[in-house]
Amino acid sequence: MPKVTFIVDGETRMLDVDLASLTYSDHGLPGSLLDIARSFDVPLEHACGGNCACTTCHVIVREGADNLSEMQDDELDRLDTAWDVTPLSRLGCQAVVKGDVICEIPMYTRNYVQEGGAIRLGKPGAPKEREAGT
């Protein structure tokens, strides 16, 4: 059973994923990082519905890149349009998990309006936390 770890805002969430029992929701490829994120309520944007038509599910694979499906031309072409692409970048909708993986969801690919309205790119803490001096 693969362990998939998502890093969001520096916090890790490790999941034991039984790929055979995931309920596929037609967002991304079955067994993809996006499919897993949706199944476990991990916030991973996917403005195009997981159809490799945008880059909002951009993730950076920190460990286990060999445990993901091979990148196809469509994903490569789409990643060329993503902001701040690294050699470790993948699209969550296209990267199908085959083993243990650790990936980070970059701050700039998140939808802060949908996640509570606190726009805080590059600044730690939500606006209320900054105002309170915490």
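These legends describe close-up views of a predicted model.

**View 1. The chain as a whole.** The chain holds three helices and five strands. Their order along the sequence is β-β-α-β-α-β-β-α. Of the 134 residues in the chain, 41% are buried. The accessible surface of the chain is about 7600 Å², and carbon and sulfur atoms account for 50% of that surface. When contacts between residues at least 6 apart in sequence are considered, 61% join residues at least 24 apart.

**View 2. A negative patch on the surface.** Asp73, Asp74, Asp77 and Asp80 form a negative surface patch. One of these residues, Asp80, sits in the loop between α2 (73-79) and β4 (89-91). Asp80 counts as exposed because its relative accessibility is 66%, and the exposed class begins over 50%.

**View 3. Asp84 in the loop between α2 and β4.** Asp84 is placed in the loop between α2 and β4. Most residues other than glycine have a negative phi. Asp84 is not glycine, yet its phi is positive, near 60 degrees. With a relative accessible area of 45%, Asp84 is partly exposed.

**View 4. Asp9 in the loop between β1 and β2.** The loop between β1 (3-8) and β2 (11-16) contains Asp9. Asp9 is another residue other than glycine with a positive phi, here near 55 degrees. Its relative accessibility is 37%, so Asp9 counts as partly exposed.

Notes. Residues numbered from 1 in each chain as written. Predicted model: local features only at pLDDT ≥ 70, side-chain atom pairs only at ≥ 80, totals over all residues. Heavy atoms only, no water. Patch = residues over 30% accessible without salt bridge, like charges linked within 9 Å, V, L, I, M, F, W, Y side chains within 5 Å. Areas by Shrake-Rupley, 256 points an atom, 1.4 Å probe, with all protein chains shown as cover. Salt bridge = Lys/Arg side-chain N within 4 Å of Asp/Glu carboxyl O. Lys, Arg positive; Asp, Glu negative; His and termini not counted. Charge placed at Lys NZ, Arg CZ, Asp CG, Glu CD. Helix = DSSP H or I, 4+ residues; strand = E, 2+ residues; numbered from the N terminus. Buried < 20%, exposed > 50% of the residue type's maximum accessible area, 1.4 Å probe, protein only. Contact = heavy atoms within 4.5 Å.
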